[in-house]
Amino acid sequence: AKVRAIGLPFDLLFRVANSGLLAVRDSRTGLLIVLGQSVLNGLGDAVVCPLLGIYGAALTTLAAQAVSCYAVLLALSRRQLITRFRPPALGDALSFVGFALPVCLTLALKVASVQFLSVAASAKGVVGAAAHQITKSLFWVFGLLASESLSSASQTFLPKLLQNRDRQGISETLRLLLLVGAVGALGTGALLSFLVAKGGLGLFCQDILVQRAVP
């Protein structure tokens, strides 16, 4: 936990810097960096984990996060989007905090609700806790993939339209995102139902009791 905590600043900085790339409609650079991070993490685990176990896995993740953070900052620097770091003006900082605080509280409430569910599931025993973990994994895989990508797309395409006060463009973009979101939700829901019906839960756990307990 201590090693992973050291990696949190790298992860946060990477996410913020990658948002800068998305703001200029560059989604490929972030993808390539994450792919490189995954390869580096996998190779590091193969080499270090046999020697250090879980501690080695944490060290490898930390190193991969640091490298990916440096890579995305380098990409921003090459685009001349950043030159050097300096403290923001007090007014700019307060304005940013005023906007970011409600967003932060919203995410905190979501995380808290998930944790409360985890506590309640754990109280049901090992089977209940395992079933809840599978449910959460399914949500992350099938729910967030579409929602996160659409959220990033809206944050990329809408600001310029809003700045230009292009009401027609804003309306068309929102309709397109909502349509894609609806189709994506139906498609992922159908795919999830199909996989579950065909025994897809076995990919997460082989225990029949746990599979039956998945809601």
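Predicted model: local features only at pLDDT ≥ 70, side-chain atom pairs only at ≥ 80, totals over all residues.

Colleague: Why does T60 count as buried?

Modeller: The relative accessible area of T60 is 8%, and buried means under 20%, so T60 falls in the buried class.

Colleague: Where is T60, and which residues does T60 touch beyond its sequence neighbours?

Modeller: T60 sits in helix α3. Setting aside residues up to four places away in sequence, T60 touches L40, N41, G44, D45 and V48.

Colleague: What does the side chain of S68 reach?

Modeller: The side chain of S68 reaches the backbone oxygen of Q65, at 2.9 Å. Apart from neighbours within four places in sequence, S68 is in contact with F14, I33 and Q37.

Colleague: How far apart are S68 and F14?

Modeller: Along the sequence, S68 and F14 are 54 residues apart; in space, their C-alpha atoms are 7.1 Å apart.

Colleague: And what else does F14 touch?

Modeller: Not counting residues up to four places away in sequence, F14 touches I33, V34, S68, C69 and V72.

Colleague: Which residues make up the largest nonpolar core?

Modeller: That core has 9 residues in all: F14, A17, L21, I33, C69, V72, L73, A75 and L76. Helices α1 (2–23) and α3 (54–78) each supply at least two of its residues, and α3 gives the most, with 5 residues.

Colleague: What is in the second core?

Modeller: The second core is separate and has 7 residues, including I134, L138, L201 and V214.

Colleague: Back to Q37, please. Where is Q37, and which residues does Q37 touch?

Modeller: Q37 lies in helix α2, residues 28–52. With residues up to four places away in sequence left out, Q37 touches A64, Q65 and S68.

Colleague: Why is Q37 classed as buried?

Modeller: Its relative accessibility is 19%, and the limit for buried is under 20%; Q37 therefore counts as buried.

Colleague: A change of topic: where is G200 found?

Modeller: G200 is found in the loop between α6 (167–197) and α7 (208–213). At 14% relative accessibility, G200 counts as buried. G200 and Q211 are 11 residues apart along the chain, and 9.7 Å separates their C-alpha atoms.

Colleague: Now the whole chain. How many helices and strands are there?

Modeller: The secondary structure comes to 7 helices and 0 strands. The C-alpha atoms fill a box of roughly 55 × 50 × 30 Å along the principal axes.

Colleague: What share of the contacts comes from residues 24 or more positions apart?

Modeller: Such residues account for 63% of the contacts with a separation of 6 or more.

Colleague: Finally, how many charged side chains are there, positive and negative?

Modeller: The chain has 18 positive and 8 negative side chains. The centres of the two sets lie 1 Å apart.

Note on methods: Residues numbered from 1 in each chain as written. Heavy atoms only, no water. Core = buried A, V, L, I, M, F, W, Y, C linked by side-chain atoms within 4.5 Å. Buried < 20%, exposed > 50% of the residue type's maximum accessible area, 1.4 Å probe, protein only. Helix = DSSP H or I, 4+ residues; strand = E, 2+ residues; numbered from the N terminus. Contact = heavy atoms within 4.5 Å. Lys, Arg positive; Asp, Glu negative; His and termini not counted. Charge placed at Lys NZ, Arg CZ, Asp CG, Glu CD. Polar contact = N/O pair within 3.5 Å; in protein donor to acceptor, adjacent residues only side chain to side chain.
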